[in-house]
Amino acid sequence: MEGLEIERRFLLKRVPQYALTGQELLIEQFYIRRPEEFFRIRSEAPRARHHMVYSYDRTYKEKVSHGVFKEKIEVIDLHQFILFQIEAHKRMKKTRYVVPHVADLKWQIDKPLDCQLVIAEIELPAIDHPLTLPPFLQEVLIMEVTGMEEFSNYNLAEPIGTQR
């Protein structure tokens with residue numbers, strides 16, 4: 001799947017209580033840099049009591065402008081996921097809460113397990129799409145971090161071998 005990802009990102013004080021009512025996912029991302037390419041692999045599974053069904057993908061992203069990325073996502077299998085991990089130099093584990101929003105949009109609240117930050121993001125259908133923050137985010141909002149490299153998932157990921 002190829003397309004544009006238009007997102008807005010926000011730094012939060014904590015995971016909003018309301019977000020805990022949404023779908024909870026466990027995500028592990030690895031970053032691989034080769035001389036000719038850079039990409040991320042990810043495993044994702046809904047948190048379940050008895051068993052979890054994982055999905056795996058490889059994503060290439062290229063920054064187009066502030067908050068806009070050209071994105072190519074390929075589904076991979078467990079074997080490919082394990083092989084790519086060998087080459088990885090950074091990793092992030094996080095819990096994601098997916099909260100429905102207006103007009104079929106969803107807020108994703110990410111709590112990385114290796115740092116004390118909480119990031120909310122929303123993917124928009126157009127760069128000029130109006131956005132009003134819902135009250136559950138306003139009460140825990142610190143600031144918008146869209147386009148701030150310091151708060152990118154890549155920069156928040158830990159070098160392999162340093163995770164807690």
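## Basis and terms

Buried means under 20% relative accessible area, exposed means over 50%, and partly exposed is in between (1.4 Å probe, protein chains only). By that scale Tyr-54 is partly exposed, because its relative accessible area is 39%.

This is a predicted model, in which local features need pLDDT of at least 70 and side-chain atom pairs count only at pLDDT 80 or more, while totals for chains, interfaces and linings use all residues. Residues are numbered from 1 along each chain as its sequence is written, and side-chain values use heavy atoms, leaving out hydrogens and water.

## Salt bridges

The structure holds 15 salt bridges (a side-chain nitrogen of Lys or Arg within 4 Å of a carboxyl oxygen of Asp or Glu). One of them joins Arg-9 and Glu-121, with the closest N and O atoms 2.6 Å apart. This pair links distant parts of the chain: Arg-9 is in strand S1 (residues 2–12), Glu-121 in strand S8 (residues 118–123), 112 residues apart. Strands (E, at least two residues) and helices (H or I, at least four) are DSSP runs, numbered from the N terminus. Both Arg-9 and Glu-121 are buried.

Strands S4 and S5 are also bridged. Arg-58 in strand S4 (residues 55–65) and Glu-74 in strand S5 (residues 68–75) are 16 residues apart. Their side chains meet at 2.8 Å, N to O. Arg-58 is buried at 14% relative accessibility; Glu-74 is partly exposed at 23%.

Glu-71 and Lys-61 form another salt bridge, at 3.7 Å, N to O. Glu-71 lies in strand S5 and Lys-61 in strand S4, so the pair ties together parts 10 residues apart in sequence. Glu-71 is buried at 12%, whereas Lys-61 is partly exposed at 36%. Shared partners join Glu-5, Lys-61 and Glu-71 into one network of salt bridges.

## Aromatic pairs

The count of aromatic pairs is 10. Rings of Phe, Tyr and Trp (its six-membered ring) pair if their centres lie within 6.5 Å; planes under 30 degrees apart are stacked, over 60 edge-to-face, and the rest tilted.

Phe-30 and Phe-81 pair edge-to-face, 5.8 Å centre to centre with 75 degrees between the planes. Phe-30 lies in strand S2 (residues 23–34) and Phe-81 in helix H1 (residues 78–87), so the pair ties together parts 51 residues apart in sequence. Phe-30 and Phe-81 are both buried. Tyr-54 and Tyr-56 are stacked, at 6.3 Å and 15 degrees. Tyr-56 is buried, at 16% relative accessibility. Ring pairs link Phe-30, Tyr-54, Tyr-56 and Phe-81 into a cluster.

## Charges over rings

Arg-58 lies over the face of Phe-39, 5.2 Å from the ring centre. The charged end of Lys-61 sits over the ring of Phe-69, 5.4 Å from its centre. The rule asks for NZ of Lys or CZ of Arg within 6 Å of the ring centre and within 35 degrees of the ring normal.
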